[in-house]
Amino acid sequence: MRPPILIIHICAGVVGVLSGAAAISFRKGSRPHRLGGNLFFVAMLVMGSSAAYLGNVVGGLFACYLVATAWLTARRREGETSIFDWAAFLFALALGVVLVTHGVRLATGTVAPIPGVPVGMIFFLGSVALLAAAGDLRMLVRGGVFGRQRIVRHLWRMCFSFFIATGSFFIGQPQVFPAFIRRTNLLFIPGILPLVLMIFWLIRVRFTKAYKRMSLPRRGDVYATDLAAKLISPKERVAR
């Protein structure tokens with residue numbers, strides 16, 4: 001008999017993978033994209049908190065942090081912050097310092113290695129946590145995020161939390177798949193695909209003109225364009 005919390009964790013993980021894939025597939029800013037993103041947000045909170053309860057405290061809480069800060073970035077107006085952002089910053093900073101310090105101790109042989117957890121992964125997660133903390137501090141010092149920066153912040157945090165879900169499922173739990181699939185190493189493709197898509201979208205948002213004029217004028221619409229400007233006729237624009 002599996003404990004109920006494990007069943008909840010598995011179900012939330014499946015919903016998270018499916019809803020995350022749907023959110024990435026739909027046109028950014030569309031209603032299906034927002035619905036998929038909201039469902040992914042709830043599923044990842046359940047999956048992360050249940051994972052922390054089951055023993056994966058670092059991975060579970062880090063996933064909750066990423067998806068919560070990404071979701072709030074989409075829901076808020078430009079220049080809006082709260083006490084939650086300070087708490088999130090301190091959490092990410094503490095987590096990054098602990099992970100990097102633990103990685104150094106593992107690399108120097110001070111402590112025994114964790115079975116099945118490579119040292120490189122610990123350094124990787126610690127570096128990402130410190131990067132996220134730096135982004136939080138920058139946002140707080142500047143009084144919020146604006147314009148394209150909001151899209152970038154929302155995008156990479158959602159995608160990385162999605163990577164935690166796919167990596168935990170496809171790479172971390174290969175025993176649930178048939179043996180012939182495990183022998184081909186095909187599970188690494190869906191496992192790391194969110195990272196590939198994250199890099200693609202970050203390059204497109206930061207270094208192309210596709211999202212140059214995009215902003216976030218309304219709550220809950222991360223990729224909303226300036227719709228009012230599109231509806232104004234050329235004569236009215238000249239008059240203005």
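User: How do the residues of the lining of the largest pocket divide into nonpolar, polar and charged?
Analyst: This is a predicted model, in which local features need pLDDT of at least 70 and side-chain atom pairs count only at pLDDT 80 or more, while totals for chains, interfaces and linings use all residues. Residues are numbered from 1 along each chain as its sequence is written, and side-chain values use heavy atoms, leaving out hydrogens and water. Ala, Val, Leu, Ile, Met, Phe, Trp, Tyr, Cys and Pro count as nonpolar, Asp, Glu, Lys and Arg as charged, and the others, Gly among them, as polar. Sorted that way, the lining has 27 nonpolar, eleven polar and one charged.

User: How much space lies in the largest pocket?
Analyst: Picture a 1 Å grid over the protein atoms alone: a pocket is an open set of points with protein on both sides within 12 Å along at least five of seven lines, and lining residues have an atom within 4 Å of a point. Points are joined across faces, edges and corners, and a volume is the space filled by probe spheres set on them. For the largest pocket this comes to about 1,300 Å³.

User: Which helix gives the most to the lining of the largest pocket?
Analyst: Helices are DSSP runs of H or I with at least four residues, numbered from the N terminus. Six of them, α1, α2, α3, α5, α6 and α8, each supply at least two lining residues. With eight residues, the top contributor is α6.

User: What kind of aromatic pair do Y65 and F91 form?
Analyst: Rings of Phe, Tyr and Trp (its six-membered ring) pair if their centres lie within 6.5 Å; planes under 30 degrees apart count as stacked, over 60 as edge-to-face and the rest as tilted. The count is twelve aromatic pairs. The centres of Y65 and F91 are 5.7 Å apart and their planes meet at 45°, so the pair is tilted.

User: Which helices hold Y65 and F91?
Analyst: Y65 is buried at 6%, and F91 is partly exposed at 28%. This pair links distant parts of the chain, 26 residues apart, with Y65 in α3 and F91 in α4.

User: What is the angle between the planes of F169 and F177?
Analyst: These two rings form an edge-to-face pair, 5.4 Å centre to centre, with an angle of 65°.

User: What volume has the largest cavity?
Analyst: A cavity is a set of grid points where a 1.4 Å probe fits but cannot get out. The count is one cavity of 30 Å³ or more, and the volume of the largest is about 80 Å³.

Note on methods. Buried means under 20% relative accessible area, exposed over 50%, partly exposed in between (1.4 Å probe, protein chains only).
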